[in-house]
Amino acid sequence: MTQEDVLKLFEETSALLNGHFELRSGLHSNQFFQCALVLQYPRIAGQLCEALVEKMKDELKELEVDTVIAPAMGGITIGHDVARALGVRFIFVEKEDNKLVLRRFKIKPGERFVIAEDVVTRGGRVQETVDIVKENGGEVAAIGILVNRSGGKATFDAPLVSLLDIEPITYDPSDCPLCREGLELVHPGSK
Ligand SMILES: [Zn+2]
């Protein structure tokens, strides 16, 4: 699957909209992105995760992995499909008192993990998951994400593979070229 094929799936499902948007931050942007809208179609989500796993195998050559782990909620469907594509088990960490914890599953010493996530902007949730794996004696073989919004700024202590890299272009409302063009400003549904 090429970057264009992937982009097309995001656009067809309205997960990626092009236009003139006011973001929650108050900034204006030419794009609005909501990953959940592509994930509402399990077959498409499955194809994307298979493509991500193929890319990980290509880029990493040796991908020895026992288990996939993902941060809830956003990462759960991705982690599940990535684990299916790899043929390994899947576990997740979840929010408790505003931080991620491992509640339901056990990690064995030396167990090798792929961390899966849908979208990374700053990478805080992925880093928390890396820390939990290490604190429990596991190892992080790789991090696989569907969409990297960090512009290369999110880096971790393990190789990172993303299916799509799209960094939003944002403008201050007082200096927005789209406003100057007179394009109608859209307030997309908040998350
Ligand atoms: Zn504007």
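How many residues does the largest nonpolar core have, and which of them have the most contacts inside it?

Modeller: The model is predicted, so local features require a pLDDT of at least 70 and side-chain atom pairs a pLDDT of 80 or more, whereas totals for chains, interfaces and linings use all residues. Residues are numbered from 1 along each chain as its sequence is written, and side-chain values use heavy atoms, with hydrogens and water left out.

The largest nonpolar core has 37 residues, and F10, L48, V82, V114 and L146 have the most contacts inside it. Its largest share, eight residues, is supplied by α3. Such a core is a set of buried Ala, Val, Leu, Ile, Met, Phe, Trp, Tyr and Cys residues joined through side-chain atoms within 4.5 Å. Buried means under 20% relative accessible area, exposed over 50%, and partly exposed in between, with a 1.4 Å probe and protein chains only. In soluble globular proteins, nonpolar side chains tend to be buried together.

A second, separate core of 18 residues includes V120, V133, I145 and A154.

Let us turn to α3 itself. Helices (H or I, at least four residues) and strands (E, at least two) are DSSP runs, numbered from the N terminus. Helix α3 comprises residues 42–60, and its 19 residues should span 27 Å at 1.5 Å a residue; the end C-alpha atoms are 26 Å apart, which agrees. The expected span is 1.5 Å times one less than the number of residues. Among the buried residues of α3 are I44, L48, C49, L52, V53 and M56. Their cover includes α1 (3–12), α2 (36–39), α4 (76–86), β6, β7 and β8. Just after α3, K61 takes a positive phi of about 60 degrees.

The sheet comes next. Six strands form an open, mixed sheet in the order β5-β4-β3-β6-β7-β8, two strands being paired if DSSP finds at least two bridges between them. β5 (99–101) and β8 (160–165) stand at the edges with a single partner strand each, so one side of each has no neighbour in the sheet. From one strand to the next, the twist averages 25 degrees.

Strand β6 (residues 112–120) runs parallel to β7 (residues 139–148) and is joined to it by eight bridges. E117 stands opposite I145 in β7, and F113 has V140 in β7 as its bridge partner. β6 also pairs with β3 in the parallel sense, over three bridges; there, I69 has I115 in β6 as its bridge partner. Seven of the nine residues of β6 are buried, so the strand is largely enclosed by the rest of the structure.

Helix α5 (residues 124–135) packs on the sheet, touching β3 (67–71), β4 (89–96), β5, β6 and β7, and its direction makes about 165 degrees with that of β6. Axes here are lines fitted to C-alpha atoms, for helices over the stretch in contact, and angles run from 0 to 180 degrees between N-to-C directions. E135 belongs to α5 and counts as exposed at 65% relative accessibility.

Methods:
Contact = heavy atoms within 4.5 Å.
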